[in-house]
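Thanks, everyone. Let me put the chain up on the screen, and then I'll walk you through it.

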Amino acid sequence: MIVNESKPLYCGSGFDDFHTSYKGWHGYISFIVCVLGTIANTLNIIVLTRRDMRSPTNAILTGLAVADLAVMLEYIPYTIHDYILEESLPREQRLTYSWACFIKFHSIFTQLLHTISIWLTVTLAVWRYIAVAHPQRNRQWCGMRTTIITIATAYIVCILVVVPSLYLITSIVEYFEMLDANGKPLSSTPLTQYMIDYERNIENKSLNSIAFEQSLNAVNQSNIIRVEITTFSTKSNSSSLLSATISTSPSSLSSNKNLTFELNRNVTVYRLYLSELALRNKSLQNATQLIYSVLIKLIPCIALTILSIRLIMALLEAQRRRKKLTTNAVNGLKSVTNGKAQEQQLHKRKGSKIFEKEKQTDRTTRMLLAVLLLFLITEFPQGILGLLNIVLGRDFLMQCYLRLSDLMDILALINSSINFILYCSMSRQFRTTFALLFRPKFLDRWVPVPANEDDRQTGAINRDDISALPNLRQSVHRSNRMKRDRFNRSMVFEQNAATTTQITNV
């Protein structure tokens with residue numbers, strides 16, 4: 001009896017059930033997410049590149065939107081071919097050489113752009129932390145020129161690090177497959193020479209291990225064989241029955257084989273597999289997995305976690321400082337005399353401008369914190385799973401990691417497409433610019449016009465709205481001219497009244 005070594009069980013049958021049930025929905029869900037994400041990232045690029053929206057932070061967000069848009073556009077043909085059309089296409093048409101080349105491009109391109117997005121997010125967190133913690137050095141350290149150089153450096157460095165490693169460890173392998181009547185593969189034999197040698201080495205190693213185990217159990221097996229031979233020689237009826245069975249079985253087997261060969265068909269397919277260099281050098285595989293799990297996933301996630309905590313602490317400190325300043329301003333108003341009312345009103349206006357600017361900074365910081373936390377939620381699990389891949393080996397890869405690959409893909413796609421919603425919900429400037437760019441012109445007729453001058457003075461129609469509504473510009477200028485005339489008349493009346501009072505006193 002041969003004793004097989006039991007493989008370690010890392011993930012149970014629940015992962016297989018989840019993978020099987022979700023795989024049928026993944027194609028349609030990812031296709032919808034990619035289409036919506038393409039539209040959203042296109043709108044992000046259009047809005048963030050307006051002249052009044054240009055800033056270092058928005059430049060980083062634009063670079064992030066470009067990378068996310070490229071991921072969405074590239075993933076659409078992949079999900080259509082490999083998931084939506086999987087059942088309708090024959091296997092030989094689905095696994096062609098051209099599609100294998102696209103899969104290799106897909107594996108490198110998506111990982112490259114995803115790495116660029118991650119490091120641009122880290123850059124965004126660093127820039128925002130400098131703006132909050134060191135505002136006096138923000139223009140010097142995080143200017144527009146420095147930001148553009150940093151974005152270009154992120155693209156170039158990621159290309160130099162990711163592309164060579166992923167290109168060297170993968171290769172296209174040709175297979176000869178036998179399919180049943182339903183198109184399911186019954187056997188698969190590699191036709192590429194290095195794969196033939198690799199599988200032959202694996203078979204030799206397995207045969208050697210089996211022969212070693214058989215030699216250990218040779219005594220027991222020989223005793224069992226002697227007992228079977230003795231029993232066979234003493235029972236003639238059983239031997240005749242056995243011979244009859246053996247004599248009739250080849251004819252039935254041959255008929256079944258002929259029927260089987262009529263239903264089966266042979267095809268040639270192409271799949272992406274580890275290259276010859278990767279199979280011979282385990283260190284190259286480990287180095288690539290370390291780059292993926294540590295350099296691309298874990299280090300950025302740890303940096304984002306630290307920076308997010310520091311940003312939250314800076315936000316709380318800014319709120320405490322604003323509350324203290326507001327309390328001091330209220331106490332100062334109570335102690336002001338009538339002779340200094342004008343000066344206090346001037347200080348109040350300056351203080352209100354400072355408070356409004358700080359509130360705008362806090363709103364921007366909260367929006368960017370939401371972007372950072374969303375990245376952490378989707379990227380941290382992938383980094384941990386990639387590190388477990390290196391530590392636990394191939395068994396964990398086959399049992400757990402590949403079963404969760406579709407789930408990790410859809411989380412990354414959602415992360416790349418949801419930024420538009422965050423910008424619209426948390427940035428007033430983004431909403432205003434988007435409305436001025438994409439609002440239909442016929443809606444301008446129903447824009448409410450202020451009824452009195454107080455509404456105009458309180459800013460009911462701001463400068464952007466005037467530029468967007470040319471029909472109201474003349475009425476606003478007319479009202480301003482009327483206000484100046486009334487002010488001049490009132491000043492003349494006050495001068496005449498003062499002159500009359502002086503004459504009466506003389």
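One definition before we start: buried means under 20% relative accessible area. Keep in mind that this is a predicted model.

Now strand β1, residues 170–179. Seven of its 10 residues are buried, so β1 is largely enclosed by the rest of the structure.

What does β1 pair with? Take β3 to begin with, residues 265–274. The two strands run antiparallel, and 10 bridges join them.

Tyr 175 faces Pro 190 of β2. β1 and β2 make a hairpin, with five residues between them. In that turn sits Gly 183, with a positive phi of about 85 degrees.

Let me step back to the whole chain. It has 19 helices and three strands. There are 506 residues, and 32% of them count as buried. The accessible surface is about 31900 Å², with 62% of it belonging to carbon and sulfur atoms. On contacts: take pairs at least 6 apart in sequence, and 80% of those contacts join residues at least 24 apart.

On to the packing. The largest nonpolar core has 63 residues. Which residues have the most contacts inside it? Leu 61, Ile 116, Leu 304, Leu 413, Tyr 423 and Phe 430. Several helices give two or more residues to this core, among them α1 (13–48), α2 (56–84), α11 (282–334) and α12 (341–392). The largest share, 15 residues, comes from α4.

A second, separate core has nine residues. Val 173, Tyr 175, Leu 179 and Tyr 194 are included in it.

Leaving aside neighbours within four places in sequence, Leu 413 contacts Ser 30, Val 33, Cys 34, Val 71, Met 72 and Tyr 75.

Last stop: Asp 406, in helix α14. Asp 406 is buried, yet has no salt bridge. How far away is the nearest side chain of opposite charge? That is Lys 23, at 6.2 Å. A salt bridge needs the nitrogen within 4 Å of a carboxyl oxygen. Again setting aside neighbours within four places, Asp 406 is in contact with His 19, Tyr 22, Lys 23, His 26 and Tyr 83.

That's my tour. Over to you.

Terms used. Residues numbered from 1 in each chain as written. Predicted model: local features only at pLDDT ≥ 70, side-chain atom pairs only at ≥ 80, totals over all residues. Heavy atoms only, no water. Buried < 20%, exposed > 50% of the residue type's maximum accessible area, 1.4 Å probe, protein only. Helix = DSSP H or I, 4+ residues; strand = E, 2+ residues; numbered from the N terminus. Pairing = 2+ DSSP bridges. Core = buried A, V, L, I, M, F, W, Y, C linked by side-chain atoms within 4.5 Å. Contact = heavy atoms within 4.5 Å. Lys, Arg positive; Asp, Glu negative; His and termini not counted. Areas by Shrake-Rupley, 256 points an atom, 1.4 Å probe, with all protein chains shown as cover.
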